[in-house]
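Work through the exercises below with the structure open. Each task is followed by a solution in steps.

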Amino acid sequence: MKRIGLLTSGGDCQGLNAALHGVAKALYEYYDKDVELYGLRDGYRGLIEGDYRLMNREDFSGILCLGGTILGTSRQPFKLMRVVDENSVDKVKAMKATYKKLKLDCLVILGGNGTHKTANLLREEGLNVVTMPKTIDNDLWGTDKTFGFQSAVNIATNVLDCIHTTATSHGRVFIVELMGHKAGWLTLEAGIAGGADIILIPEIPYENKYIIRAIEKRNAAGKRFSILAVAEGAISKEDSLLTKKELKAKLANRKYPSISYQLAEELQTALGQEVRVTVPGHFQRGGSPCPFDRTLATRLGAAAAQLVINKNYGNMVALRGTDIVPVPLGEVAGKLKVVPKDSDIVQAARQIGVSFGDC
Ligand code: F6P
């Protein structure tokens with residue numbers, strides 16, 4: 001009898017259930033009655049606290065197109081994993097104990113960056129681990145795409161499309177703030193697809209003078225509106241020169257809840273034009289996965305099952321080009337995949353006149 005643990009960890013995204021559906025169906029197909037799947041509740045919390053349930057085939061039926069995760073999820077910061085908490089819980093010891101108690105052959109972990117650091121820690125601690133890359137941020141090193149990303153791009157693009165019509169009617173400047181603290185993939189792709197005039201991402205620090213110049217150029221050309229797609233982690237050139245500590249202190253004293261409101265005030269003052277802000281927030285992570293994500297998550301799930309069957313542990317399944325391949329967890333953990341400033345997608349946007357606020 002094979003015993004496999006499943007957990008989803010970190011911020012959720014579309015496609016988590018499709019991936020669980022993929023891995024579970026492939027394992028049941030291969031092992032039939034000779035496999036037991038255990039669902040750990042709320043990610044690593046379930047592994048730490050021994051909160052799990054024995055799943056059955058029906059649990060995975062009808063979930064392909066369902067948003068969220070049937071297992072629940074939570075954020076358990078990697079930096080605290082080796083810190084014994086106030087209740088004297090040694091989390092690493094507790095996770096190993098649950099793994100041992102359940103007599104697991106392998107743990108299949110679905111998550112993003114932080115999740116992969118902990119997955120790698122568990123691998124180093126001797127557990128058999130296979131992982132799948134999820135996040136709307138698409139910032140996981142080692143895979144061309146994470147599932148969840150395309151669905152979020154679709155939602156964010158729809159927001160930009162809708163804002164376009166109202167911005168046109170009123171002749172306003174609109175800022176649409178999209179998710180992504182450290183990586184601008186979502187803002188970049190949705191910005192291009194949604195026809196944003198200015199795209200601000202964390203990888204390319206901006207200066208207000210260039211944003212103002214871009215808007216004034218549009219005004220002079222008789223355009224009635226301008227749309228900015230701004231990543232929540234977009235940063236001014238001035239702030240990008242601060243140390244981490246200085247920036248943290250500055251942000252803590254910020255008058256507004258996020259970058260966009262601050263920028264809106266500055267632009268409104270400089271331009272004498274109405275500037276409105278729209279923040280779709282967690283809307284971008286909700287709802288059904290798009291067909292691309294359902295297919296990608298299914299392929300990754302099937303590939304993860306194959307790694308389990310082959311006992312090829314310690315790997316993340318990844319999309320490279322058109323293929324799904326295993327990538328060693330040791331290579332993935334702790335690395336962020338950000339937008340290269342000189343990538344062809346940035347160049348293409350520049351070529352069609354999109355401003356990144358940097359020149
Ligand atoms: O990591 C995915 C993500 O959606 C980011 O884009 C966003 O900054 C963050 O999670 C939000 O986290 P939380 O759901 O904890 O507010």
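**Exercise 1.** Find whether Arg-82 is buried or exposed, and which residue meets its side chain in a salt bridge.

Solution. 
- Step 1. In this predicted model, the relative accessible area of Arg-82 is 53%. The cut-off for exposed is over 50%, so Arg-82 is exposed.
- Step 2. The salt-bridge partner of Arg-82 is Glu-125, at 3.0 Å from N to O.
- Step 3. Glu-125 sits in the loop between helix H4 (113-124) and strand S5 (129-133), while Arg-82 sits in the loop between S3 and H3. The two are 43 residues apart, and the pair links distant parts of the chain.
- Step 4. Glu-125 has 26% relative accessibility and therefore counts as partly exposed.

**Exercise 2.** Determine which parts of the chain the salt bridge of Lys-255 and Glu-265 ties together.

Solution. 
- Step 1. The side chains of Lys-255 and Glu-265 come to 2.8 Å, N to O.
- Step 2. Lys-255 belongs to the loop between helix H9 (244-252) and helix H10 (259-271), and Glu-265 belongs to helix H10, so the bridge ties together parts that are 10 residues apart in sequence.
- Step 3. With a relative accessible area of 63%, Lys-255 is exposed. Glu-265, at 34%, is partly exposed.

**Exercise 3.** State how many salt bridges the rule counts, and describe a further pair, Arg-53 with Asp-59.

Solution. 
- Step 1. The count comes to 19 salt bridges.
- Step 2. In the pair of Arg-53 and Asp-59, the closest N and O atoms are 3.4 Å apart.
- Step 3. The relative accessibility of Arg-53 is 30%, so Arg-53 counts as partly exposed.

**Exercise 4.** Describe how domain 1 and domain 2 meet.

Solution. 
- Step 1. Begin with the bounds: the domain assignment gives domain 1 as 2-148 + 289-332 and domain 2 as 151-285. Their C-alpha centres are 34 Å apart.
- Step 2. Count the contacts. On the side of domain 1 there are 14 residues, in contact with 12 residues of domain 2.
- Step 3. Take the area. The size of an interface is often given as the accessible area lost when the parts come together. Here about 960 Å² is buried between domain 1 and domain 2, with carbon and sulfur atoms giving 46% of this area. Of the area that domain 1 buries against domain 2, 48% is supplied by Gln-14, Ile-136 and Asp-137, more than by any other three residues.
- Step 4. Look for charged pairs. One salt bridge is counted between domain 1 and domain 2. Arg-285 forms a salt bridge with Asp-12, in which the closest N and O atoms are 3.0 Å apart.
- Step 5. The residues on the side of domain 1 that touches domain 2 divide into four nonpolar, four polar and six charged.

**Exercise 5.** Work out whether Asn-17 and Arg-172 are buried or exposed, and list what each touches.

Solution. 
- Step 1. The cut-off for buried is under 20% relative accessible area.
- Step 2. Asn-17, in helix H1 (residues 16-31), has a value of 0% and is therefore buried. Not counting residues up to four places away in sequence, Asn-17 touches Ile-63, Leu-66, Gly-67, Gly-68, Thr-69 and Ile-70.
- Step 3. Arg-172, in the loop between helix H5 (149-170) and strand S6 (173-178), has 13% relative accessibility and so counts as buried. Leaving aside neighbours within four places in sequence, the contacts of Arg-172 include Arg-224, Phe-225 and Glu-274.

Notes:
Residues numbered from 1 in each chain as written. Predicted model: local features only at pLDDT ≥ 70, side-chain atom pairs only at ≥ 80, totals over all residues. Heavy atoms only, no water. Domains from an automatic or database assignment. Contact = heavy atoms within 4.5 Å. Buried area = accessible area lost by both parts, 1.4 Å probe. Salt bridge = Lys/Arg side-chain N within 4 Å of Asp/Glu carboxyl O. Nonpolar A, V, L, I, M, F, W, Y, C, P; charged D, E, K, R; others polar. Helix = DSSP H or I, 4+ residues; strand = E, 2+ residues; numbered from the N terminus. Buried < 20%, exposed > 50% of the residue type's maximum accessible area, 1.4 Å probe, protein only.
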